[in-house]
Amino acid sequence: MEINLGKLAFDIDFHPSDNLVATGLIDGDLHLYRYSADNTSSDPVRVLEVHAHTESCRAARFINGGRALLTGSPDFSILATDVETGSTIARLDNAHEAAINRLINLTESTVASGDDDGCIKVWDTRERSCCNSFEAHEDYISDITFSSDAMKLLATSGDGTLSVCNLRRNKVQAQSEFSEDELLSVVLMKNGRKVVCGSQTGILLLYSWGCFKDCSDRFVDLSSNSIDTVLKLDEDRIITGSENGMINLVGILPNRIIQPIAEHSEYPVERLAFSHDKKFLGSIGHDQMLKLWDLDSILQGSRSTQRNENGVGDNDVDSDDEDEMDVDDNPSKSTKGNKTKNASIGHTVGDSNNFFADL
């Protein structure tokens, strides 16, 4: 199934329990589509169109069990939209001091946002305020993931580094050395023992948990094109979207290209996401298309593929089984100007706006 959006899309997210998929577009619009679960009926139908922002809608996430959609924009605002009616629930102007580039869900009541100046904020919907703020990077936040066991955010940036933000201590706990190019995507693998980052030159960098200063492995033969998005399929496999339009299934430790599984012609792949039941892989690209791929169909043959293809990394055996989830690397960076409120997830920041009052 595919949808011609007619405009460039920056983000995609699936409803947590219903057959709905949302996209944020370059003109500031938010679109919501209903798709068929059996993959044989008519094309997805647009059920909602909202002009959410005055500038592009770079980030979109379902929150509150799918009852609302949260969007972020270069206009510095975060908007909460009612999924049923399309009406505005709440808007926070000047949520960041720079363009908002990423939004992710952390828990049922917390989300994180990242901006073009390298700042990450955590919003608590129960406390209805910003509860953590981290000046983690010197350039834009390209991606964020969350370790729920350790209560830590991991972020990649255009400054070429990976950061680890401790939500309990409200500080940037660790930061990698500068890479040779921009880091664009990040996922946790191997039950939290490995962190995989995609880069602008097409190299996958692998870090061992607790040893974030330098990568422990590099997969250099995946692609000569930038790896713009990475999606975790299971503890051993990821799905990558690249600048050349290819979507690949990739094995991690041992590092190998298992097989190409989908494509956006020769247009860059912007973002990937799974449907709530993991039946569909959703992808958006610079061809202005939203594509829904039947996951079982595109993965056929991969389960029986045992051969290592070209590009096994330097260290194809995971020797970091003893890595602990709470190693503190004592970096020099720390968050400034925050005051403690509670110890549950973080701290109330300064004079936070009452953004989530109506959520």
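Colleague: Is cysteine 57 buried or exposed?

Modeller: This is a predicted model, in which local features need pLDDT of at least 70, side-chain atom pairs count only at pLDDT 80 or more, and totals for chains, interfaces and linings use all residues. Residues are numbered from 1 along each chain as its sequence is written, and side-chain values use heavy atoms, with hydrogens and water left out. A residue is called buried under 20% relative accessible area, exposed over 50% and partly exposed in between (1.4 Å probe, protein chains only). Because its relative accessibility is 0%, cysteine 57 counts as buried.

Colleague: How many disulfides does a search of the whole structure find?

Modeller: A disulfide is a pair of cysteine sulfur atoms within 2.5 Å. The search of the whole structure gives a total of zero.

Colleague: How far from cysteine 215 is the nearest cysteine sulfur?

Modeller: Cysteine 215 is buried because its relative accessibility is 18%. Cysteine 215 takes part in no disulfide. The nearest cysteine sulfur belongs to cysteine 197, at a distance of 9.1 Å.

Colleague: Which residue of strand 4 is the bridge partner of leucine 20?

Modeller: Strand 3 (residues 20-25) and strand 4 (residues 29-34) run antiparallel and are joined by five bridges. Leucine 20 has as its partner in strand 4 arginine 34.

Colleague: How many residues apart in sequence are the parts tied together by the pair of tyrosine 35 and phenylalanine 280?

Modeller: Rings of Phe, Tyr and Trp (its six-membered ring) pair if their centres lie within 6.5 Å; planes under 30 degrees apart count as stacked, over 60 as edge-to-face and the rest as tilted. Tyrosine 35 and phenylalanine 280 are edge-to-face, at 5.5 Å centre to centre and 80 degrees between the planes. Tyrosine 35 lies in the loop between strand 4 and strand 5 and phenylalanine 280 in strand 27 (residues 280-285), so the separation in sequence of the parts is 245 residues.

Colleague: Which residues do ring pairs link into a cluster?

Modeller: Tyrosine 35 is buried because its relative accessibility is 4%, and phenylalanine 280 is buried because its relative accessible area is 0%. Ring pairs link into a cluster Phe14, Tyr35 and Phe280.

Colleague: How many of the six residues of strand 27 are buried?

Modeller: Phe280, Gly282 and Ile284 point one way from strand 27, whereas Leu281, Ser283 and Gly285 point the other way, and all are buried. Strand 27 is therefore largely enclosed by the rest of the structure, with a buried count of six of the six.

Colleague: Over the ring of which residue does the charged end of lysine 278 sit?

Modeller: A charge sits over a ring if NZ of Lys or CZ of Arg is within 6 Å of the ring centre and within 35 degrees of the ring normal. Lysine 278 takes a positive phi near 60 degrees in the hairpin of strand 26 and strand 27, which has five residues between the strands. The charged end of lysine 278 is 4.9 Å from the centre of the ring of phenylalanine 274.

Technical notes
Pairing = 2+ DSSP bridges. Helix = DSSP H or I, 4+ residues; strand = E, 2+ residues; numbered from the N terminus.
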